[in-house]
Amino acid sequence: MLHRLYDWVMSLAATRHAERGLAAVSFIESSVFPIPPDAMLIPMVIARPRSWFRIGMICTVASVLGAFLGYAIGALFFDLIGRPVLEIYGKADAFAELSARYNAWGGWAVLFAALTPFPYKVLTIFSGVTGLNLVTFTLVSIVGRGIRFFLVAWLLQRFGAPIQGFIEKNLGLLFTLFMVLLIGGFVAVRYVM
């Protein structure tokens, strides 16, 4: 079923409704949908490299708006909707452990999830459940999703189809390493000073 859903999302990228479809996938992926918007973003930029900025912007704006739905699910409907979504992704047990420390480092967690292959929807819902500061949540979502989608779109526009395989295979690892280095740098500065 997941493979058919992925194929459907990919095929949507070739239709005249591609931009609306990209916005819808980006929006709903931030709260419950399992297929990342990259499945549409990549073929769209390959097909229309001059539109890379517009495509990156659609992805970013829709994803951040969708993150508010995830936040609302956590804040308002956790027991009814949020808990089952976390159980689908196998994160229900981790929820109890993480909630005690989350708000102190929640902004970093949201940024990490916004940039890496970690399911962003898990932390949008979790942020709502724990009541993470909405300004912090918004800012790190904009920065993280913006970096992720604009970087992918720019790389595809700049290097074309040859970089597509590299992006699909290694982007999660590269963003994860970037986040480890970024957070590690801040922690090191904090303890050195």
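# A tour around helix 7

Start by selecting S127, which sits in helix 7. The model is predicted, so every stop below describes computed coordinates. S127 has a relative accessible area of 0%, so it is buried. Leaving aside residues up to four places away in sequence, show the residues that S127 touches: Y71, Y102, V110, L132 and F137.

**Zoom out to the whole chain**

Colour by secondary structure. The protein has nine helices and zero strands, and its order along the sequence reads α-α-α-α-α-α-α-α-α. Of the 193 residues, 41% are buried. Now consider contacts between residues at least 6 apart in sequence: 78% of these join residues at least 24 apart.

**Helix 4 against helix 7**

Select residues 52–88, which form helix 4, and keep helix 7, residues 120–130, on display. At what angle do helix 4 and helix 7 pack? The angle is about 75°, and the axes lie 7 Å apart. Angles of 65 to 115 degrees count as roughly perpendicular, and helix 4 and helix 7 are therefore roughly perpendicular to each other.

To see the contact itself, select these two sets:

- on helix 4: S63, A67, G70, Y71, I73, G74, A75, F78, G82, V85 and L86
- on helix 7: Y120, V122, T124, I125, S127, G128 and V129

Sorted by class, the contact of helix 4 with helix 7 holds eleven nonpolar residues, seven polar ones and no charged ones.

**Helix 6 against helix 7**

Next select residues 102–115, helix 6. How do helix 6 and helix 7 run relative to each other, roughly parallel or roughly antiparallel? Their axes come within 9 Å and cross at roughly 155°. Angles over 145 degrees count as roughly antiparallel, and helix 6 and helix 7 are therefore roughly antiparallel. The crossing of helix 6 past helix 7 is left-handed.

For the contact, show Y102, N103, A109, V110, A113 and A114 of helix 6 together with Y120, L123, F126, S127 and T130 of helix 7. By class, this contact of helix 6 with helix 7 has eight nonpolar residues, three polar residues and no charged residues.

**Along helix 6**

Centre the view on W108, where helix 6 has a kink of about 35°. Then pick out the buried residues of helix 6: Y102, G106, G107, V110, L111, A113, A114 and L115.

**Back to the start**

Return to S127. Among the residues S127 touches are Y102 and V110, both of them buried residues of helix 6, and Y71, which belongs to the helix 4 side of its contact with helix 7.

How values were computed: Residues numbered from 1 in each chain as written. Predicted model: local features only at pLDDT ≥ 70, side-chain atom pairs only at ≥ 80, totals over all residues. Heavy atoms only, no water. Bend = angle between axes of the 7 residues up to and from the residue. Helix = DSSP H or I, 4+ residues; strand = E, 2+ residues; numbered from the N terminus. Buried < 20%, exposed > 50% of the residue type's maximum accessible area, 1.4 Å probe, protein only. Axes fitted to C-alpha atoms, helices over the stretch in contact; angles between N-to-C directions. Parallel < 35°, antiparallel > 145°, perpendicular 65-115°, else oblique. Left-handed = near helix turned anticlockwise from the far one by under 90°. Contact = heavy atoms within 4.5 Å. Nonpolar A, V, L, I, M, F, W, Y, C, P; charged D, E, K, R; others polar.
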